[in-house]
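Hello,

Here is the structure we spoke about handing over. Please take a look, then read on for what was found in it.

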Amino acid sequence: MQNSVEVICRNSGARMMVETGTSLLDNAPPLGIEGPYPFLAAFVNNRIKELNYRVMRPVTVEFIDITSFEGYRVYQRTISFILQKAVWDLFPGRKFYIRHSLGSGFYCEFGDGDQPDAGQIEALRRRMGEIIARRYPITRRTMLTEEVNGIYERFGFDDKVVLLNTRPRLYSDLYQLDDMVGFFYGSLTPDTGYIHLFDIRPYYNGFYIAVPLRTDPSKLDLQVHLDKMFDVFHEYQMWVRIMGVPTVGRLNAKVLGGDAGELIKVAEAFHEKQIANLADRIEQANMSSGTRMVLISGPSSSGKTTFSKRLGIQLRILGLDPVLISLDDYFVDRERTPKDENGEYDYEALEAIDLELLNSDLKRLFAGESVEVPRYDFITGTRQWHDSPLQLTERSIIIMEGIHGLNPRLTPSIPRERKFCIYVSCLTSVSMDNLSRIPTTDNRLLRRITRDYYTRGNNALSTLQRWPSVRRGEEKHIFPYQENADAIFNSSLFYEISVLRPKVEAILREVPDTHVEYAETKRLLKFLDNFVPIQPDEIPPTSILREFIGGSSFRY
């Protein structure tokens, strides 16, 4: 074995020879790089690695901090492990759950249902601060799975035992923080001292862990007034617990037991019931307030298009005449489209929409006039026109879907009482285990990779390259307005990642390791490995999932 190897640093462009076996943590200072925030992990030959990774061969390295999307996930995972340790120290034996995301942080509850009082919240905050200050090392060991299971059993982590038993492997990874152990499908920091900011606030029956803003890590994200979003999360999590699939391990056990078909039927029936209920609410608003327009918004790959079509069917059952108008058809000509900081066309900006024409057409339509509605040609980047004009009847109700649907600036000419606003998102309700939630962005990304490949001719690499820009657009144009909705529809299906797995794995494996996106590819493949596959045969053609895997009976 050679005594030294070359390290090339993307952050600074520096090259240096280092002693074989030196950790990334030891290499950072000699490479002459520093930033406003601590480095949390690094891309090594386009694979995400923890900072205690030891360099054994020539590598190209890029250190990342909390301002990157992957660095932000490292921060979130680490603070959840610190919280787990603090709860164990203060309340040994008390069942504890990290339920779901809430803003940038996450909502937690105790299993006994007792809401923690102010003294318990303060004790947790203080204990977490002590754990951070002591800089406990966080280590990862690869061990025989039966040994890992034995450790989990001693801690009473039956959820983790079920997960490992339903995806049998000879070896498994085990994270350790002092006397606490954990399971994660992504990197953590080398020790607890990398967490520079957090807070705990009481919320509902539990508490909320606040973390810094990714875009400004000096400030905490305390925007937890997301009551409508919380109610939907809470409803779906109660439902999956009743169904017996609150975690991936329990879901896998059902699939292995031959219950996949029943799970699909129940999940799809639940969606249909939710959509029918929304149609009932819209009809009531139409009768009582003269509502004539449904605005639908949500982040990428939420299933907004299929939801709109299914909602239209339910409205027809009630005697209404739904008219679907695409917000995309009101794009300005490409030459007038605003550009982002990188000089790329910014189709997510509100200014990319011809607001004057849109509001003029809507006012004329509601006045009973015949209107020539535009159609945007994405190939030429110019506006075309439909062959026949559009005119509403007394029973007509417009359904308009687009990312700006909940922004009041989109349709200021239409009185609020004449609009019914719906936010659609894929709010993943199944957790990896009791303490490891599945980010909704992962679910949506898997959907988009699959759809882009099969229906739009885009490979996984191009989708992954575009994804950070998509997410920045969501943070700016969609998430700030989600609580403006009259209703929120959760488009996730608790069985769907099991269906997506065999389709998206093959697509992801096409990503070459010469691109930085390879790191995200490896993370997603490791994540998917936890799911027992389900074949899509019993999924109905009207399912929202069909928008992404193909076989839908709707025309898009």
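**A buried loop residue**

N407 sits in the loop between β17 (396-401) and β18. Please keep in mind throughout that this is a predicted model.

Is N407 buried or exposed? N407 has a relative accessible area of 6%. Buried means under 20%, so N407 counts as buried. Leaving aside neighbours within four places in sequence, N407 is in contact with L350 and Y481. A polar atom of the N407 side chain lies 3.0 Å from the backbone nitrogen of R409. P480 is 73 residues from N407 in sequence, yet the two C-alpha atoms are 8.8 Å apart in space.

**The second largest pocket**

β18 turns up again here. The second largest pocket has a volume of about 1,200 Å³. Its lining has 46 residues. Nearest its centre lie S101, G103, S104, G105 and F479.

Which elements each supply at least two residues of that lining? They are α2 (69-90), β6 (96-102), β7 (105-110), α6 (227-243), β18 (419-425), α11 (440-455) and α12 (460-477). The largest share comes from α2, with 6 residues. By type, the lining divides into 19 nonpolar, 15 polar and 12 charged residues.

**The cavities**

How many cavities of 30 Å³ or more are there in the whole structure? The search finds 5.

The largest cavity holds about 80 Å³ of space. Its lining includes L251, T428, S429, V430, I438 and N443. S492, L493, F494, E496, I497 and F531 also line the largest cavity. That lining divides into 7 nonpolar, 4 polar and 1 charged.

The second largest cavity has a volume of about 60 Å³. It is lined by 13 residues, and the closest to its centre are H100, S101, T428, R437 and I438. β6 gives the most, with 3 residues. Here the division is 4 nonpolar, 7 polar and 2 charged.

**The nonpolar cores**

In soluble globular proteins, nonpolar side chains tend to be buried together. In this model, the largest nonpolar core has 155 residues. Which residues have the most contacts inside it? They are F63, L83, F207, F494 and Y495. α2 gives the most to this core, with 9 residues.

Not counting residues up to four places away in sequence, F494 touches W239, V240, M243, V245, L251, L263, A267, S429 and V430.

**Helix α4**

Next, a helix that packs against α2. In α4 (residues 145-155), the buried residues are T145, V148, N149, G150, I151, Y152 and F155. What do they pack against? Their partners are α2, β8 (138-144), α5 (158-166), β9 (171-177) and β10 (180-182). An α-helix has 3.6 residues a turn, so residues three or four places apart point the same way. Just after α4, G156 takes a positive phi of about 80°.

D442 lies in helix α11. D442 is buried, with a relative accessible area of 1%. The D442 side chain makes a polar contact of 3.2 Å with the side chain of Y185. Beyond its neighbours within four places in sequence, D442 is in contact with R73, Y185, R523 and L524.

G129 is in helix α3 (residues 118-133). Its relative accessibility is 30%. R437 is 308 residues from G129 in sequence and 23 Å away in space, C-alpha to C-alpha.

Best wishes

Definitions and conventions:
Residues numbered from 1 in each chain as written. Predicted model: local features only at pLDDT ≥ 70, side-chain atom pairs only at ≥ 80, totals over all residues. Heavy atoms only, no water. 1 Å grid on protein atoms, 1.4 Å probe; cavity = no way out; pocket = protein on both sides within 12 Å on 5 of 7 lines; lining within 4 Å. Points joined across faces, edges and corners; volume = space filled by probe spheres on them. Helix = DSSP H or I, 4+ residues; strand = E, 2+ residues; numbered from the N terminus. Nonpolar A, V, L, I, M, F, W, Y, C, P; charged D, E, K, R; others polar. Buried < 20%, exposed > 50% of the residue type's maximum accessible area, 1.4 Å probe, protein only. Contact = heavy atoms within 4.5 Å. Polar contact = N/O pair within 3.5 Å; in protein donor to acceptor, adjacent residues only side chain to side chain. Core = buried A, V, L, I, M, F, W, Y, C linked by side-chain atoms within 4.5 Å.
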